[in-house]
Amino acid sequence: MRDSGSISPTSTTPTPTYSKELLKNLKDLAQSSTSITDSEGRSYLDQLDPSVHTNTWLSIFSAYFRWLVETKSDEIYSSLYLLKLSIPKFDIEQISVLPNLIGDLSTQLSSLALNNNLTIEELPNQKLAILKLLLNLKTKIPSQSLLNPIHSNILKICLKTKAYHIGLKLIQEHAYLDIEVKESPIQIQDYLTFHYYAALIHIGYKNYQSALEHFMLVLIVPGKSVSQIQLESVKKGILIDLLTLKDQQDERFKKLIHRALNDNQKYAVLYSQFKSANNIDQWKTHLLKDKQLFENDNNWGLLQQVTNAYFPSKILVLKEFKLLSFSQLGEYIGIRSVDEVESILVDLIQSGKLNAKISFNKQLGPSNGLVEFMNHKLPPNARERFDKLVGEIENTLELNKILQQAGVTAGANLKRTSNFDSDPEVLSQFNSMLVD
């Protein structure tokens, strides 16, 4: 192995005399922040070639950097620049001997990036600068298919900096990371936080089903008790399950959350309350009763998204109808504005959640329209039959106009008007025709 050498603060050229065993001892020694002070640490690092003594360099830098952070030294920034220059030189084969060095260093860097108590003037965008360092450091992981603490540390900073696109790319590249403790030493916390943060990033992109999958990966971890991360995954997962706009609760998720919901009944009843609410005001009333709880859990914003999904969810369960006007549909789900109904329908159709067609007919009015639900197999010539029905209505209206001009009252036989909703029997008749 190449990473060996005897060094001192005053030597100019490292002499390769370290054994593999001594290398580990050096790493243990370097864990003590008081062992390598400001002057010693930088002197050691300047003497070492990171491509020849990768692990030694990483061990010393980790301890040196810890000391700089603890003392809030001005050398923090120059050391980060030194790390940036050294990362491309790191030898992956050497890192594989002590794979935890990368993970440990990434934790130190992420802690610095998220430490709001440090005033950093030299780095205007401290978090993004360290995020770039971590992304470069990730390329030196011996196995890119194994979960490493650096993965969750990167996602954590992505969330704090709202660099969701970087986090999403990382998740997509490492959708299913394996776990091998010998090759990539991790703690259970690393696994839980990676999938929890991944779920939050998917929520930012409204990829609700993917978010739910990651929450379930958090919940499958066995244990005598539910961890805080698992509990938060349950709370948010229930809300995300609603946002997927499925007819029923995900059975896999339902089984996983049973253990955690015993002490969280306020969340346990949310799904049934949402589905059973007769109108949106009733649902809002349920939420307001426990608003303080949801705000304390940082879930109130997510619940507002669930509230916005109330009307789309009601549309998706209207299976008994084949064709409805916008205003009739609005009556069923509790919306008066046909423009709002149209907007919701367009969003559902464009997102692929609703298989339907929208059309307009002058007899329905200037802004009203029709939605045809395509999940139902319509009888042959159903559209032609509807057009014929509309034609008959138009003829009746024209006859009514002629009779009125002639001073004749059309009477009860001419009660149908150009607005379908003034006589619901019109569309009801068409729906019954389709069922026949």
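Leaving aside neighbours within four places in sequence, Ile333 is in contact with Tyr310, Phe311, Lys314, Ile315 and Leu318, where contact means heavy atoms within 4.5 Å. Ile333 lies in helix α20, and because its relative accessibility is 6%, Ile333 counts as buried; the term buried is used here for under 20% relative accessible area, exposed for over 50%, and partly exposed for values in between, with a 1.4 Å probe and protein chains only. The C-alpha atoms of Ile333 and Ile280, which are 53 residues apart along the chain, are separated by 9.0 Å. The model described here is predicted, so that local features need pLDDT of at least 70 and side-chain atom pairs count only at pLDDT 80 or more, whereas totals for chains, interfaces and linings use all residues. Residues are numbered from 1 along each chain as its sequence is written, and side-chain values use heavy atoms, with hydrogens and water left out.

Helix α20 spans residues 326–333 and is mostly covered, with six of its eight residues buried. The buried residues in α20 are Phe326, Ser327, Gln328, Leu329, Gly330 and Ile333. Helices (H or I, at least four residues) and strands (E, at least two) are DSSP runs, numbered from the N terminus. Tyr332, also placed in helix α20, has a relative accessibility of 48% and therefore counts as partly exposed. Not counting residues up to four places away in sequence, Tyr332 touches Phe321 and Leu324, and its C-alpha atom is separated by 8.6 Å from that of Lys314, 18 residues apart along the chain. Just after α20, Gly334 takes a positive phi of about 95 degrees.

Helix α20 lies across β1, β2 and β3, and runs at about 90 degrees to β1; axes are lines fitted to C-alpha atoms, for helices over the stretch in contact, and angles run from 0 to 180 degrees between N-to-C directions. These three strands form an open sheet in the order β1-β3-β2, with antiparallel pairing, two strands being taken to pair if DSSP finds at least two bridges between them. The edge strands, each of which pairs on one side only, are β1 (323–325) and β2 (356–359), and the twist averages 20 degrees from one strand to the next. Strand β2 runs antiparallel to strand β3 (residues 370–373), to which it is joined by four bridges; in β3, Leu370 is the bridge partner of Ser359.

A further part of the model concerns the packing of helices. Two packed helices are described by the angle between their axes and the distance between the axes. Helix α6 (residues 100–113) and helix α8 (residues 149–161) pack at an angle of about 15 degrees, their axes being 8 Å apart. This angle makes α6 roughly parallel to α8, since angles under 35 degrees count as roughly parallel, over 145 as roughly antiparallel, 65 to 115 as roughly perpendicular and the rest as oblique. On the side of α6 the contact is made by Ile102, Gly103, Ser106, Thr107, Ser110 and Ala113, and on the side of α8 by Pro149, Ile150, Asn153 and Ile157. By class, the contact of α6 with α8 has five nonpolar, five polar and no charged residues, where Ala, Val, Leu, Ile, Met, Phe, Trp, Tyr, Cys and Pro count as nonpolar, Asp, Glu, Lys and Arg as charged, and the others, Gly among them, as polar.

The axes of helix α3 (residues 54–70) and α6 come within 10 Å and cross at roughly 25 degrees, which makes α3 roughly parallel to α6. The crossing in which α3 passes α6 is left-handed. In this contact, Asn55, Leu58, Ser59, Phe61, Ser62, Phe65, Arg66 and Val69 of α3 meet Leu101, Ile102, Leu105, Gln108, Leu109 and Leu112 of α6; the residues of the contact of α3 with α6 divide into nine nonpolar, four polar and one charged.

Positive phi values also occur in loops. Leu245, in the loop between α12 (228–243) and α13 (251–261), has a positive phi near 60 degrees, although it is a residue other than glycine, and at 12% relative accessibility Leu245 counts as buried. Asn298, which is not a glycine either, has a positive phi of about 60 degrees and lies in the loop between α17 (291–296) and α18 (300–308); with a relative accessible area of 65%, Asn298 is exposed.

Notes. A crossing is left-handed if the near helix is turned anticlockwise from the far one by less than a right angle, and right-handed if clockwise.
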